[in-house]
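I set out to record how the two chains of this model meet. My entries follow the structure below.

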Amino acid sequence: MRNMRRLGTLLIAGAALLSSGSGGEAQDPAPQDRVLTAIERLRGEAEGAKEAIQQLVNLGETALPKLRAAAGTDPVFLKRVKTVISRITGQWGSDGRLIWKRSMEEARKSNVKGRPILVLQLFGKFDEEFC
Amino acid sequence: MARTVTFSHKDVVDLINENFVPVWESVAPVREAVFDLGDGREVRGTVGGEIALSFCRPDGKVFDVIPALQTPHVTYWGMKNALEFYRRTGAKDAAIKDYHGFLHAEMEKAGKGETNPGIEKARQYMKLRRLSWDPATHDLAGTVGNKSGVHGAGGTITVFQPGGLDYYRRMIHKLLSTKETRSPEDWKREVFTGVLDAELKGGVERYDLNTLEPFAVIEEEE
């Protein structure tokens, strides 16, 4: 039974290599293609859009130029784009030019150039609609 | 409004990107008041909403503070001044005390940032409002008076409070020249409660208008 499972795994891996043609590169689209695909999913139904939001947030700053350029008239789509940009930048309503750290610890760790740290203290969360 | 105006202004954003590591910290949940009008209708608003902008050394200790929401212009020049001080002195503990001690003395000499009958009246009014009004009226007034915005002219108008800057700054200079160096987290009570007169509490308060007591009962004539 164990050997059968191993054989199955090997066959699946082999099939994946054959279908990709060149070591599996085609299975992993370039980051910008992934960004565009995810942005398109933001126009669709809620469940898929929710996944796409998380996918774009995980892609981080790489996704910002395409998100900034995303156009449309559907308010639901535009609000989803705004949500993604806010989560990446740490600022609701941001145009994506300023990226905020979420804690002093994170700011200190990332401060390789020894710059002064600017701390905005506020009520609520800066990346949410009401604060 | 800090998000859509001050920290979206090109000059402010460029200055931060070129010279600082920006971080935000929540001091308390946002305070929201919801007035249930019945039939699924409600009025919802944010109460309060003060901010403070602290400038810290790379070790996280504060060397200057811009209190309250200020215009992009004031914020930009406040940031430039803080940066110049940091580059000139390294913001060592002794330099922070000297710098703010000097600025406090200068303001005192010039009579800048002194309290006046108008400020005292406003503070007294806020205190009385907190103490004597019922919570619903207090929160409704707080929502209307919130600096988050006034709606009109086809959009939202931001309300800044330039009149308070000198008054707040003088208190900040005094604090930073007399107390030990510390982190924004350790300063927050003195800055928000002491200087800005903002309660450090948040959450959603829901008011059901059907439970309000009538002011008087008018008896109908037979």
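**Notebook: the interface of chains A and B**

The largest share of the side of chain B that touches chain A comes from β1(B), with 8 residues. That side divides into 26 nonpolar, 9 polar and 12 charged residues.

I noted that this is a predicted model, in which local features need pLDDT of at least 70, side-chain atom pairs count only at pLDDT 80 or more, and totals for chains, interfaces and linings use all residues. Residues are numbered from 1 along each chain as its sequence is written, chains are lettered from A and ligands numbered from 1 in the order in which they are written, and side-chain values use heavy atoms, with hydrogens and water left out.

I then checked the extent of contact (heavy atoms within 4.5 Å): 47 residues of chain B touch 34 residues of chain A.

Next I turned to the strands (DSSP runs of E, at least two residues, numbered from the N terminus). An open sheet of 4 strands has the order β1(B)-β1(A)-β4(B)-β5(B), with mixed pairing; strands pair if DSSP finds at least two bridges between them. I recorded 6 bridges between β1 of chain A (residues 117-123) and β4(B), in the antiparallel sense. Leu118(A) stands opposite Phe55(B) there. β4(B) and β5(B) also run antiparallel, joined by 5 bridges.

Conventions
Ala, Val, Leu, Ile, Met, Phe, Trp, Tyr, Cys and Pro count as nonpolar, Asp, Glu, Lys and Arg as charged, and the others, Gly among them, as polar.
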